[in-house]
Amino acid sequence: MSLEVHCDVCGQGFITELAGPTELPCPVCGARLSVAASLPESRSAAVAEPSAIEAHAATADEVVCPRCGLHFRSRAAQAAPAARARRTILVLEDMDYFQELLAEALEPRYEVRLARTIAEADAVLAREPVHLILVDPGLDGGRGGLAWLARLRPKPCPVLIFTAEDESEIYGAPWKRLRELGADDLVLKGLHAGEAIQRKVAELLGEPADAFEGT
């Protein structure tokens with residue numbers, strides 16, 4: 001009887017003549033295959049005629065040889081990278097305008113969790129893994145964000161500061177203090193801060209600078 005066998009090691013398929021359960025080498029990678037174990041009902045097909053082979057439709061990532069009917073993974077399927085899980089960004093910001101700006105900039109590529117208060121941010125961290133935190137240090141009248149950062153020990157992920165303070169007031173001793181609290185970089189608030197946020201987030205997550213192109 002002719003049977004179509006799929007190798008569990010290399011994923012290739014081939015046709016062989018068998019009279020019963022046996023062990024045989026894969027002609028592609030050489031792995032020893034136990035036919036009884038490699039032929040679950042959904043992956044095996046008894047074929048008496050070539051037309052029966054041709055009738056066995058290829059899956060989305062397979063091609064079928066028109067001469068022998070063997071099934072092989074397509075080049076596109078072999079080269080296709082595994083789907084990248086979307087990373088999660090926690091945004092701690094209490095102004096509607098900037099929440100909307102940040103969500104619009106980041107949602108094409110990431111899962112964005114918006115929090116207006118420290119309690120909401122804590123709830124997100126307790127509920128799911130977060131890959132980057134974007135925080136306004138001036139919450140709750142001026143220092144709430146800093147106090148929250150001070151108790152995030154150990155720091156769970158990179159931290160990006162999003163602040164409305166004047167640039168001249170950030171660098172120097174204030175920036176040294178932010179670094180001590182776990183800040184990795186900062187972006188100044190503004191009407192067109194979206195692109196800067198995208199660039200900084202990609203850098204902190206180790207992604208290419210053009211990560212948002214085509215998303």
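Trainee: What makes D122 count as partly exposed?

Mentor: The relative accessible area of D122 is 26%, and the rule calls a residue buried under 20% relative accessible area, exposed over 50% and partly exposed in between, with a 1.4 Å probe and protein chains only. The value for D122 falls in between, so the residue is partly exposed. Bear in mind that this is a predicted model, in which local features need pLDDT of at least 70 and side-chain atom pairs count only at pLDDT 80 or more, while totals for chains, interfaces and linings use all residues. Residues are numbered from 1 along each chain as its sequence is written, and side-chain values use heavy atoms, with hydrogens and water left out.

Trainee: Which parts does the salt bridge between K189 and E93 tie together?

Mentor: The closest N and O atoms of K189 and E93 are 2.8 Å apart. K189 lies in the loop between β12 (185-188) and α9, and E93 in the loop between β8 and α4, so this pair links parts that are 96 residues apart in sequence. Both K189 and E93 are buried. By the same rule, the count of salt bridges comes to twelve, and R86, E111, R113, R127 and E128 are linked in a network of them.

Trainee: Is T163 buried or exposed?

Mentor: T163, whose place is in strand β11, has a relative accessible area of 3% and is therefore buried. Contact means heavy atoms within 4.5 Å, and, not counting residues up to four places away in sequence, T163 touches P137, I170, V187, L188 and K189.

Trainee: How do you know that β10 and β11 pair?

Mentor: Two strands pair if DSSP finds at least two bridges between them, and β10 and β11 have three, in the parallel sense, so they qualify. In β11, the bridge partner of I133 is V159. Four bridges join β10 to β8, which also run parallel, and V91 has L134 as its bridge partner in β10.

Trainee: Why are α4 and α9 called oblique to each other?

Mentor: Their axes come within 9 Å and cross at roughly 55°; the axes are lines fitted to C-alpha atoms, for helices over the stretch in contact, and angles run from 0 to 180 degrees between N-to-C directions. Angles under 35 degrees count as roughly parallel, over 145 as roughly antiparallel, 65 to 115 as roughly perpendicular and the rest as oblique. The angle belongs to the rest, and α4 and α9 are therefore oblique. The contact is made by L101, L102, A105 and L106 of α4 and G194, I197, Q198 and V201 of α9.

Technical notes. Helices (H or I, at least four residues) and strands (E, at least two) are DSSP runs, numbered from the N terminus. A salt bridge is a side-chain nitrogen of Lys or Arg within 4 Å of a carboxyl oxygen of Asp or Glu.
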